Structure formats: C-alpha cells, structure tokens
Amino acid sequence: MMRTLAFVLGGAGAAGLAAVLAFGGSPSAAQQQATPAADSATAPAIIDTGSLKGPRQPIFFRHDIHAGQFKIQCQYCHYSVAVSTEPGIPSMQTCMGCHLVVSGSDSSAKTEIKKVRDAWNAKQPVEWVRVHFLARHAHFPHQRHIKALGPSACTTCHGEVARMPQVFKANNINNMGFCITCHLERKVSRDCSVCHY
Amino acid sequence: MSDVSPESGMDRRKFLTVLGASGGGALALSGCSTSRVEKLVPYLVQSEDQIPGVATWYASTCTECAAGCGVHVRTREGRAVKLEGNPEHPVNRGKLCSRGQASLQGLYNPGRVKAPMARGADGRLAEITWDDAIARLAGKLTAAGGKVAVLSGAGRGTFSELLADWTSALGGRLDRWEPFDHEPLRAANRQVFGLDQLPAHDFAGAKYILSFGADFLETWLSPTENQRGFAEAHGFAGGDVAKFVHVGPRRDLTGLNADEWMAVRPGTEAAVALAIANVVAAARGAPAALAGALGNYTPAMAAQETGIPAERIERIAREFAAARPSLAVAGGVGAQHAGATELCAAVNLLNYVAGNVGRTVRFGADLAAGDGFRGLTQLGTAMDDGQVAVLLVHEANPVYALPKAAGFAARLKKVPFKVAISPFLDETAALCDLLLPPHHALERWDDAAPRAGVRSLMQPVMEPVFDTRAAGDILLATAKKAGGALAKFSATTWEAHLRGRWQALAAERKEADADAFWRAALQRGGVFDEPPAPVEVSLAPTAAQVSYTRPAFEGNGAYVFAAYPHAMLHDGRGANKPWLLEVADPVTKITWNSWVEVGPEAARALNVRNGEILRLTSPHGSLEAPAYIHPGLHPDVVAMPLGFGHTEYGAFAQGRGVNALDLLGAPAGEFVAYLSTRVAVEKTGGYRKLASIEGTPRQLGRGIAEAIPLAAARQGLTVAEAYLEEGHGEHEVNTPLEVAALKGWSEKQFQMTRKGDYRRDLPQWGMAIDLARCTGCQACVTACYAENNIPTVGEYDILKGREMTWIRIERYWEGSEAPDAPPSARFVPMLCQHCANAPCEPVCPVYAAYHTADGLNGQVYNRCVGTRYCANNCPYKVRYFNWYKYNEIAWPEPLQLQLNPDVTVRARGVMEKCTFCIQRIRGAQNTARLEDRPIRDGEFTTACAQACPSDAIVFGNIADPDSRVVAIKQNPRGYRVLEDLNTRSAITYLAKVLHPVEG
Amino acid sequence: MAVVARPLPDRAPELEITQTQADVTRDVVGTLGRASTGYLLLLGGAVGLFLVGLLTFLILVKDGLGHAGYNPPIFWAVFITTFVFWIGIGHAGTLISAILFLFRSPWRTAVYRSTEAMTVFAVMTAALFPIIHIGRQWVFYWLLPYPNQRWLWPNFKSPLLWDVFAISTYFTVSSVFLVFGLIPDVAAVRDKVTGWRRTVYTLASVGWQGTDNQWRHYTRAYLYLAALATPLVLSVHSVVSWDFAVSIVPAWHGTIFAPYFVAGAIYSGLGMVLTLIIPLRRALGIEQMITKYHFDNLAKLTLLTGSILFYSYSMEYFVAWYSGNTFEQTTFFRRPFGSMWWAGWTMIICNAFVSQLLWFRKIRTNLTALFVISIFINIGMWFERFVIIVSSLSNDYIPWAWSDMNPTWADWGILAGSFGWFGMWFLLFAKSFPIVAIQEIKEMIPMPRKRGGGGHH
C-alpha cells in the first residue's frame, strides 16, 4: 500500500519537475531537431559538416540519404532489432552489398564511400562512435518495443533519424524518466525488475 | 563460428567492443557512464549463426575426465559463456558436474600458455613463432631416429588414433595415462571374467547398492551418469527405495549419502566383500567351484579383519541377497591400496553370485581409459636407459600427479629434448624444452569415443583466445615438416583429417550421405547408438583364485594415511579454476586450501581442534596442514585431499596448500597405491583458520533439513505426522486458541502485503527441492556461479564468511559422534526462498529489495545503497554483499570473457542474491511475447535446476495448476523452512527419506 | 528563577553563590580568554583523531567496506553500534536542559549549557554514521524524499527512513534550543570583548539588549522550545530502537526496545556529561558554580536510569525464557556464554552492576569515583549496543550461517574519528561561548533585582 502511495505522491511531487525533467526528452522533442528539408524527398547537400549535431563519425554516413531519401528500412541494416534485444550493427559486408557498385554521385560522397571500400579491403572494420548508450544496468529488449509499437517505433526514442545527416541524441534515453513516462502513458509495467536485473 | 574473417579473427578487444555494442551486463554497474566515448565495431562479415543479443548453442563434448559427457555450449557475440549438459547425450542426459562446467575457466584461464615457447640459451622459456616451433620439433624427431616416446592423457577418439599412428610411424612408444586409471578394476575383470575392459554400471536399476569405497558420486568412472542413476534408485517415488551401504574407512560425499556405513579398517574391504559373497553364494546356490573358493571367508573371519560385528555383515549380506538386482562396486581409496585387485575381484564375484552381471553390471560398454600405470613405469625405465631422445607429453602432468618418490622429474632431466603439448604451464611443461599450447576443447575440432556406441563430437565454438593450435594440427604440421616416415599423413589440416575419419565412419555405418551424417552428428553432438546389449560373460578359469591378504602399510606411524581425489580438483587438474577452488569441498566445506582429516576419536587422542596445524610424517616425507575433524573417518585413519600444492600451473594453483602425494612412496606394480603408508601425526602448535563456509553444522531442532522414515513416507504422512508417529512431542506448543489467533493474524499480516499489482493474473515463480534426491554434489552451485556472474572472493574473504554462493549446500550432521553411532549427514540447498511475505522487503529504505508482480523478491542492484538491513532481516541468510570491488578483481584477464552479458555484474557496495535466474525468465517472456503465447511449463528453468544431475530441483509457475512444480509441491513430504515465521516462501522442500536403522 | 532564588532551608548552602554578578560575568567570560596549552593539546588531539577517522573513511570509500570487520551474517557492526551510542549521548542534554527546566529543577542551571552543547555535537556525530555505514556513500541522498525524474520515492515503511527524519528533527530542535539559550550570554560577552570578536558576538546576539520586553518574549519562547524538545527525547530514541525492534532478528524483535533504549540513552548521556564536566569545571575554574551538589543529583539520575537498564536486561532474559521461543533462547544463552561472551559481560557489569555503586552518597559526591564510573558507563553503553547488534546477528535462524566477528583497524579508526569530531566541536564551543549560563547563575545570586530569566512567568 505504501508503495502505491509513494507513487501517487511521486506523481504529485514530480508534476512540477515533470516538465523540466521527465518530459525534457519526449518524442515531440525529436521533430524540432529535424532538418529544414522536412519532407523533401532528397536530402540536402551538406558542405559545412562542422555545424552538424552529434558526434563526428569516422565515415560521414548519412542516415538522411539512406533511410530518408532512398527509404531503406531501418531493419535492412539493423537486422536483429525485431528478433533480439540488440538492434545489430550492420557488418561491413552489408555496406559493400551496395557499395561494390554504388560509388557515389558527388565528390564528397565518393570520398566517404571510398573509405568504406578501403576498410573492407583492409579487413579493418570501421569504428563508429556510439551515439545512443544505455547504462549497462538497464536492459532494453528492442524486439519487445518493435513488436509493441510497430516498425516505426524507432523514432520514439531515436528521433527522426531518417532526417539526420549525422545522427545525434534526440532524446536522453539514459534518463529513466524518459522510459517511465512512456510506460505510464501506455499503462505497461513499471516493475523495476522488468529492466533492471 | 562467430566470425569467418580470415586470419586475425575475433581478437579479445573485438569481443569487448562487440559486447559493448550488445549492451550486455558484462561491465560493472558503474552508473550511467555515457560520457565515455564508446566504439561500435561491426563484424566484417556477419555470420548467419550469430545474432547479437541472442545466444547461440553448440553441441560439444566435455574433456575434463574420461567419462566423456556431452555438453551444450552457450555463446554470445562469439564468446562461450556457459556449459550445460547435452540432453541427447546417453552418458549425462543433459546434466553436467561442477568440473565439467568449470571447463569454461580452463578456456579463459589467465594461466594459459599464450604462444609456443622454447627454452633459450639462458635456460628460460621464451615465446617463438609456430613455424619455428614446428621446425624445431620436426628436426628433433628426425634426429631422434625412433628414440621417441609420447605420453598422452587418457581419452579415446580420432586424435588418440592419429597420435598412435604418428608415434608408431616414428617408431616410438605411446603411453596413455592419467591418475586413477582404474587399473585394479580392469585387472580384476581380466582375472574373473577374462575381459580387459570397464563395464557400465546401472545404478538406476539396482535395488540394493553396496559400495566398497567407490566415490561414484565424485570421480569414479562416470560420476554424472552414476549420480543420475543413484537418484533414480535411491530417491523416493512412492514405492521402494534402494538401500545404499558404504563400506570403507572414510565417508566421502558418496559415503555421506549412504544409509549405512561400515567403518572397516583401511584395506580390509575385500574381506567383507568375500564374506558377503560367501553368504550370498550360499543363499543363491553358486557354482561349486566358487562356493569352495569362498568357503573360508566367513562373516566371522571378516569381522575379525574389519572390526565390524559378524552379525552386521551377515545381515547386510542377507539384505543384499534378497534384493534383485543389486549392485556392488569397488573403487576410491578402497581400490587404491595394495590389495585393490583382490577387492575388485571379490566384488566381481559378489556381483556374479548375486546375478548382477549382465543386469546392473554391463560388460561390452567398454568405457574409455588409459593404458594404466604399467606403461608409465616402462617409459620410466626407457628414459633411464637413454632410450628416449625426444619425449612428447600431451595433456598429462606426471611430475605433479606422481609421488615425488617416483622421481619422474629426475628421469625427465635425462631426456635430451622434451616437448609439452599443454594448454597450461604445469609442473611437467615447466621442465620441457619446447612448449606447444594446444587449443582448448571449445576451440577445436575433435571427437571422443567414451564408450561403445557413443562417438561424440567437439567443434570450435569460438575463435581461439590465444595463439594456439589444435594438437592434431601440430602433429600433422610436424609430419609435413619432418617428412620421411611421417609423410604418409596427407591430411592438410586436423579438421580435414577428422572429416575423413567421419567419412570412413559413415561408410562403416552404410550412411547414404556422409555430409548429412556429419551435419546431423554435429547438431546432436555426435552419434549415439542404442547401448550395446550386455555381452554374455562367463567365469574365467582364474575366477576362483580370489584371495584376501591382510593389508600391510609402510612405516610405523600411528595412523594409516589415505590420499583421495578432491571432489572438485580431482587429481589436481582443477586447481587453476577459481570456481572449483571456491565452491567448497562437499564433505568438509573447506575452500581454497588443503586440510588433514582426523576422526573424532583421533582428535580426542591428539587433543586437536579444527584449524590446529598437524605435521604428518611418513617414511617418504612430511607435511603440515590444518586439521579438520571429520565424523565419518575410521579412528585409525587420517585423510588428505589431492590436488593442492602445485608449484606451477598458474597463479590460482601455485603454492596453494600442500601436495598429499609427498607422503607416498614410489609406486610399485600396476597402479599408484594412494593408501599405502602409515604416518606419525603431531601437533605443531600452529593454527590456521580453515577457509570453510560451514557455520554451525547442527540443526538444533530447527527443521531446516527434514527427514521422515521410509514407512511413514509410504503411508504418505507429512513430516509433522511422522514426528508424532515416532512418538516425538507435538511440534507446535501453542494452545488451540493461540494457534487460531496466530493463524488469523498471520493471514491478515500476509494480506497487507498483497496490494497493488499482486492480484494480477501473472505467473508466480516457485521451486521444489527433493532432499531424497539431492546428494550434495554442488553442481547447482557451480552452475549458479557461471550463470549469474558471481565473483569468487578468495580465501581471505571466505575466512570472513563473505562467500557469494547465491545457492549453497548446507551439510548438517545428525546424531551423536559416538564411535558406535556415527553421525549421518543431511544436505539442503539453501537459496533465496522468494518469500511472498518477505522480511527483507519492507526494511529497504529505497525499494531496492521489493516484491515483483510475478512473485520474486526483486533486487535492483542499481538502486541499492547498501544499508544491508535486508540481509540482517533475512532469516535464511541468503543475501550477499559486495564488500570490495569484486567486479574488478574477481575476473583477471581474460577470465572476464566468461561473464554472462544478460546479467549485471554487481559493483562494490550493493547487495545481491538469487533472482531465480530472472534474466532467463525475462528472456522467455520476450520470446513468448514475440510469438503471442504464454510461457509454457518447462520451457526454461533456472541454472541450478538445469544442472542438477539427480534432478532434485524443479522450477516453475506455481500459479499454473498443471505445472510440474505444483504437482511436486503437493507431495505430503513437502515442507517450508522456518514456516512459522510466516514468510510464505516460494520454495518447498521434500523431506529426505530414511531407511530404518537396524543392527 | 524566583522559585529557586528563594532560599530553601536544606539546599541553601549548596545554592549559595558567594560571588557578585560582576564576578560571574568575569569568571565565565574569562573562560573565553586566551587558550591555555592544555586546551590546545586537547584540541590538537581531538583534531588528530578526527583526521584518523577521515582517512579511514576515505579508504573505505575507495576500496569498499571490506576493510571493516564485517563477517556475515553480521552485516551491521561497529559503525551502527557507534551511531546508536552517539544518539544515546545526545539525549541527556535535552533531558537536563528541557525536562528538568520544565520540572523547575534548581540544579540544572550550572550544567545545562554544556549538556546542550554536548547534545548538538553528539547528534552531529551520530548523523555521520548512516552515511559512513552504507555501501555506496555517494548515493546517500536517495534516502531523502525528493521529487525526481525517475518517479522514485523512498520506502516509508523502512525504519531507516524514519531514522533520517528523527535525527534531522532532533538535530534542528536541539541546536535551535542551544543557540536560543545562548543569546543573553552572548550579549553579555559582547559587552566585555573588543575588536573583531565584538563584531562576531554582536551579530550572534541578534541585538539583545536585555530589556524587559525582550526578556518577556525570550522566557516565553524558551519555555515553548523546552516543551517542544521534551517529547523528542522520548520519540527520537524510540525511533532508533525500532531500527531493530521492527526486524525479525531474535533479540531485536521486542516491544521492550523503545523504553529500554530511551533509558539507556539517558544513562549513557549522563555518563558522558559527567565525563565532560568533571575535568571541564576544573579546566575552566568554575568549581564555584558546578558543585558537589550538582554531581550528587546527576549521579542520582544516573542511578535511576542505570537501574531501569538493570531491570530491562533481566526482563529480556526472562521474556526469552518465558516465550519458549528457541531462537530467542539460543541468542540470549549465547550472549553471555557464546563466542562473544566478553562483550556480553562487559555490558552487564559496566551498566547493570557498576551503576549500583551510586546508592552510596560517599561515591556520588566523590568526583574521582564518579569520573571512573562515568568512564565505565561510556564503555558499557557502547558495548551494550555492540552486543545487541553484533551478538544478536551472529546467531539467528540458520545455524549454518552462524559466525562471529572481530573489529579491524577500520572499525577502530572510524570510532576514534567520531570521538575526535565530537571533541573538536565541544572544545571549540567551550572556548567561544559561555559554557555556563551567565544570566541564570546571576539569577541565583540572592539579591533583589528585576525579576526575569529563563522559564519564569
């Protein structure tokens, strides 16, 4: 009973802070991050990569081109997201699947794609800089969330990646409030040991 | 294989980064450390059978002992993380002992040799390249001109065939040897049945089991298989229960499971065996020849030899004769003294006259074993005579495993060039000139033929951890290099050679499609035919030459010295694996160090207490170790476990304890007699606290490990009823009024906690543990360590009672310590009881300990602040605290690769405990949800239940009336520990079933 | 305090103060003068001890609590023992200053200031231990209820949470009580000193002029504060006792705990008062004001509480036997006869037996004897908590888990540190503020003057 009470109190108490903390990174936040070319089919050419949000990657891989312009499904590369707790990082082979033939339209693309090919030939996997990083003590089964929210679920946490030239953290996924809020809205379990074990 | 990128493959760094990508728990709970720049390193080529976050299982074979159990290896992101039994394997049927599971720590052992090494001019071992190493070996072999000797550990399969061909091609000699090679057993089989082989023993079928010292639950022949059978025969299923009598001077784990113990004088087991055989023969009408041979061995004579009353021997003999079929086995210390062959022969006759041969003793199974000690003796002579120019030692460690007096080390020095194919720098390897590290069993292709009708496969489940090669490849590469007689080995790689062998096998078996045959075998873990029908055996002419000679022991000390194989470390090969060191010895519950066992009488005579250091002096040497008073020891005997006192063999093993072999003389004859000397025992005045996990080994009538008489169990009485039956007083002293009041109160008090989520229609997880089946072997404990990333805290912290055994086996002594009525033992697995009304939950100020909706006592590590109130308030004392940063010190490189990514590694300062393997529960829920179905009963189980060789632990959903666990919980023998505390624990224990005590 | 100012026939001699008001102010303010070497040595020692404790704490934070002697099933040991010990110390102060005040007990005047200070600093010391003792000290704040994005709240069912509230409340009230009581005296000091010290005291005396009006409000407020502080003496230590009584550990799970702990707390508090005052009055040369008569009374109070303890001990054993509960019985049998018998006997002898010596007036008025006894009491009361906590935990329900423990350097380090921390504050206080209540002493000087002063109405 005390437990329930505690949560009720929590709700009341946190209401004030909620706006600041809990909703700080709700899905709505993601849209604001979208690039101007909101619904244009073609991703913009980008000269000044320095101004882009998010960490600089060894290869300037553009989700906005792959997922946005060419409408490649997330799961084409993140192959295990619907069946496993882990989304899966595409192997170099997956990249080469296309880039054996596709060598890029403009010069900037060409240089980047060359990097991929070099890496492949050198048998040296590219070391991507991790953007989304959930604390090790929280278990997030991707497949359950895809199952519950459908394949478009990705944006809920990762934001409109399909419009990000360079992926950045749309939501603070490490913020437990971010998870809890969603679980509250959808009336799904808030049992600690669902994620923490 | 996780990664088919050509050479480099998956190095350790890549493991970790991929692991990082998989977000698994294999890193410390160090808060939300997002600031760190984490790298995601993709596979070059994603292999089909590895999905990040999803475990891939490979079938393989355990190589820790000759039994050859089948294993399933669980791999995650290209790392082997757990070993479990292969349910399809006829030897172990899905179960695995502690030593088998710890094979994982052999794979990731920090003490492994990381690359080939050669002794340089400075006399030190230095790393060299493989090409260089192979060249050196090849050169020496060609130069040796046939003066080559190979010493290999036991084990039978394609590799040993190759090794044999390879050696003979060189014109050298091959000896396959490992300690405890059952030489007396085979000698006796030759003598009595004319068969030089080891039979299979059907414990399950036996109605009466008589063991002459055989530790068949620990190391004897095929322990896991034996235990499964024993639990079948000795467990209670409503009907009859086989009686088990242990004959021998010491009660080991097997002995503690006996219903009756005949504490005979050391070395006199044979007299009992013959006397019983005599009586049985009379009762059953045996062939005249035998009757004559046995005639002289009367119970009276045996009584005189053993110190056991003749009536008692007679009674047991009659009981044995009455039970059909029965089973008598000989082994352990019983079969490790000068008269061992006599004993085994006697036991053979006993089985024969009792009509067990062909029923519970099945010849034709032909269990794998080495060539025995004789070969080693001959090798020794050859080395002395300079007949050996090159000695190749493959996974054998005679320098450690033979008594110093045998002088193998000295002989080794006489060999000009010594090569060791050994994964570790053990005592023997340390003396070699060339060190070739082979693949671990989990890294290589291989097969094993542990017995007739079973040929099981090994496959690489991951890229090698270090720069090692399959032993087969080493032989083939050397052959290619050396050419000459060795040129005939055409196979390019060991894998190809093995495949070739299996193609031949397919042909023998008239398989249409060899590849399909191979694939199927690979999937199942091998080819398993129906066990061959027992071959008809008849008495050999020499059968009647049974005899008994009164044992004579070297020296004139007051006590006979018994060195026995450690249940965890076996002959010492386990001493470099922290799990086996930390998971206590099942009898004494001592960890990490040696001890000397003395009987209660001896202890009184010597005026010695636990931990006081004793000096043992034999004609061959002297050593010191702290005393442990073992109520199950004959007054004339002091006993010591083998396996300690390594001088090499890695940081974990080195300089830990003393080697009991130092007291033994040079083995003479067919085998090493581990029970051959007398020792003088004296107190040194020193004291070293025993690193024991034992607190107070008495129940003080608190009903923790309950037991009821067989008769009562048959009537279906509850424990309480059985007590009344026996004329004990009423358990509950409260008046009816009080009882009523308490009942109402306790129910109300319980309901107070059942608010909120708890009414929802969710599974409620629970467990049932049958103490009539549990033997106390501790396979469950090791499994728990493996599954839940439990740190091994080491000797210092265990001295402070800080072991982390989420599940522990408590061993309570029952009865007096009077010589005439030795105490019996009761084993009870104690783990978190997941109380529905848990004392630990309300006292936690931060809800780190709380009740989950599916009936678990949740423990949220990352919420825990470490007030430790929960542990104080836990009546079962099953909560464990991280006193130090165990997460940083318990897994030295590369041991951390064994960690289960599904389980958070607990940081310093937090409480941890059994969670009913919640990661498995959540995993099953995820799968079930994807398939839109509820979880099926038995779909998954906890690590302890999965491992238990006697199937004593059953886990399931107690909210589902059809589940197996519910069925078992309804058993009248069922009881809950400390039920009066109204904790409503989710674990029901079934009381042990006792045979009536007679005589 | 007119009530006492009226000469009482029998008590008169003790209460007669021969000095003039001027003398009193001079003497007391004199105690604030330049520090003697002895004082500096004491202070140095205290600070040293505190640093030892600090270092130990840092090591514990670095490596984990393993350095301490914890030996499961003993999950609480020296730290919680010392925590309860200091909380206990903190009780006599409020008792003497508040309760005796409400009971108009004449003799409190001379000692209440020092005991109040002792209270505040003891609670300050105790308050450190919940933090020192937990496994992850840096997340201690999770025990406080505050709204957070995790939507998590502490467990209001947990006695440890009650502790947090109890201690913070007690600390607040007792420190307010102390500071408030100081105002008139600070003002008196203010008028005597010069330079920067004057500024400091001016601020501290919040514009106190000692006008009638101020006195009226002051005395009234003081009364209310006293009334407010009094129930805390009983409530706080009851809550602390529930840390144990609420659990199911044999020998903890008893209804006797609250009164038993309160009595013990006051007993230990009085012990500490004696230990502090006996040397203090000599050091500060105020024998005139704290006389044998006061010690006699303190000793009587000690005797009373000591006897209550004696009774509680016997009652524990009786209940254990009478309950027929095997777990309770085992625990209480093993207390004096188990592996930790030494602790058990120290507790019984130092508390139950030694206090009985105070039946004799000779001993009550012999300061040396009193001092020795007070030391025994301090030791005994520390061991009482040690026994209750450690030896009860060492043998509870599952015999297999039984064990005992030996404190290590880390335990002693923290214990020493706590004394250093306490001593440091107390000594600093004694040098900066009148350790004897000037105004109230003055009131006891029999001469007609404007009536007023603490608690009169």
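Is B:Cys864 buried or exposed? With a relative accessibility of 6%, B:Cys864 is buried, where buried means under 20% relative accessible area, exposed over 50% and partly exposed in between, using a 1.4 Å probe and protein chains only.

Hi everyone, a word on the ground rules. This is a predicted model, in which local features need pLDDT of at least 70, side-chain atom pairs count only at pLDDT 80 or more, and totals for chains, interfaces and linings use all residues. Residues are numbered from 1 along each chain as its sequence is written, chains are lettered from A and ligands numbered from 1 in the order in which they are written, and side-chain values use heavy atoms, leaving out hydrogens and water.

Back to the cysteines. If a disulfide is a pair of cysteine sulfur atoms within 2.5 Å, the count over all chains is zero. For B:Cys864, the nearest cysteine sulfur belongs to B:Cys870, 6.3 Å away. B:Cys344 is in no disulfide either, with the sulfur of B:Cys65 as its nearest, at 18 Å. B:Cys344 is buried too, at 1% relative accessible area.

Staying in chain B, let's look at a barrel. Six strands close it in the order β21-β25-β22-β24-β23-β26, with mixed pairing. Strands here are DSSP runs of E, at least two residues, and helices are runs of H or I, at least four, numbered from the N terminus; two strands pair if DSSP finds at least two bridges between them.

Finally, chain C: 17 helices, zero strands, and 63% of its 457 residues buried. Thanks, all!
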